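Colleague: I have not seen this structure before. Could you take me through it in short questions and answers?

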Amino acid sequence: MVKLTEDMKKMIPEQLNFLSTVDENGFPQVGPKGSMRVFDDTHLIYNEETAKHALHNLQNNGRAAVAVVDRPNLKGFRFEGTAHLIDSGKIFDDAVKFGEERHLPKMYYAVIIDVERIYKLDAGPTAGDLIAD
């Protein structure tokens, strides 16, 4: 597993993150995840609040990508990996508390994403370059 840098850890809570999944027919699904945050050096976490397309896809294959971009500075990252759905225990309870403190909708799962690859989303010739795998 790869490690998130301090720049990545700073950007994730400051910008809107988009989660991408794919369904069993290969159709992509992309949506904003306002609760996306850093769990630790190698994982992201978010509160699954809608229990719709993304959840269906994660239950089907577990593959996820998260894109975050600082648009004014034309810098960003794409994190790819495997998602795990958590519906009980300390991680779940901490995610519920996180949501309650921010007055977020009821959540169905805490979703932990193992970050396995990171790509650069900066503007210019390095866009799409693999940073770590």
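Colleague: Is isoleucine 113 buried or exposed?

Modeller: The model is predicted; local features need pLDDT of at least 70, side-chain atom pairs count only at pLDDT 80 or more, and totals for chains, interfaces and linings use all residues. Residues are numbered from 1 along each chain as its sequence is written, and side-chain values use heavy atoms, with hydrogens and water left out. Buried means under 20% relative accessible area, exposed over 50%, and partly exposed in between, with a 1.4 Å probe and protein chains only. Isoleucine 113 has a relative accessible area of 1%, so the residue is buried.

Colleague: In which strand does isoleucine 113 lie?

Modeller: Helices (H or I, at least four residues) and strands (E, at least two) are DSSP runs, numbered from the N terminus. On that numbering, isoleucine 113 lies in strand β7.

Colleague: What is the separation of the C-alpha atoms of isoleucine 113 and threonine 82?

Modeller: A contact means heavy atoms within 4.5 Å. Leaving out residues up to four places away in sequence, isoleucine 113 touches several residues, including Leu19, Tyr46, Val66 and Thr82. Threonine 82 is 31 residues apart from isoleucine 113 along the chain, and their C-alpha atoms are separated by 5.5 Å.

Colleague: How many helices and strands are there, and what pattern does the protein follow?

Modeller: The protein has 3 helices and 8 strands. Read along the sequence, they give the pattern α-β-β-β-β-α-β-β-α-β-β.

Colleague: What is the radius of gyration of the protein?

Modeller: The radius is taken over C-alpha atoms, and the globule rule is 2.2 Å times the number of residues to the power 0.38. For 133 residues that rule gives 14 Å, and the protein is close to this value, so it is as compact as a globular protein of that length. The radius of gyration of the protein is 14 Å.

Colleague: What percentage of the 133 residues is buried?

Modeller: The C-alpha trace spans about 45 × 35 × 25 Å along its principal axes. Among contacts between residues at least 6 apart in sequence, 64% join residues at least 24 apart. Buried residues make up 41%.

Colleague: How many salt bridges are there?

Modeller: Side chains of opposite charge can pair when their charged atoms come close. A salt bridge here is a side-chain nitrogen of Lys or Arg within 4 Å of a carboxyl oxygen of Asp or Glu. By this rule the count is 9.

Colleague: Which parts does the pair of glutamate 80 and arginine 117 tie together?

Modeller: The two residues are 37 apart in sequence.

Colleague: Where is the salt-bridge partner of lysine 75, aspartate 122?

Modeller: The closest N and O atoms of lysine 75 and aspartate 122 are 3.6 Å apart. This pair links distant parts of the chain, 47 residues apart, with lysine 75 in strand β6. Aspartate 122 is in the loop between β7 and β8 (130-132).

Colleague: What separates lysine 90 and aspartate 94?

Modeller: Lysine 90 is exposed, with a relative accessible area of 61%, and aspartate 94 is partly exposed at 41%. Their salt bridge has its closest N and O atoms 2.7 Å apart. Being 4 residues apart in helix α3, they are separated by about one helical turn.

Colleague: How many aromatic pairs are there, and what is the arrangement of phenylalanine 77 and phenylalanine 79?

Modeller: Rings of Phe, Tyr and Trp (its six-membered ring) pair if their centres lie within 6.5 Å; planes under 30 degrees apart count as stacked, over 60 as edge-to-face and the rest as tilted. The count comes to 1 aromatic pair. The rings of phenylalanine 77 and phenylalanine 79 have centres 6.1 Å apart and planes at 35 degrees, so the pair is tilted.

Colleague: What is phi of histidine 103?

Modeller: Most residues other than glycine have a negative phi. Histidine 103 is in the loop between α3 (90-101) and β7 (109-120). Although histidine 103 is not a glycine, its phi is positive, at about 55 degrees.
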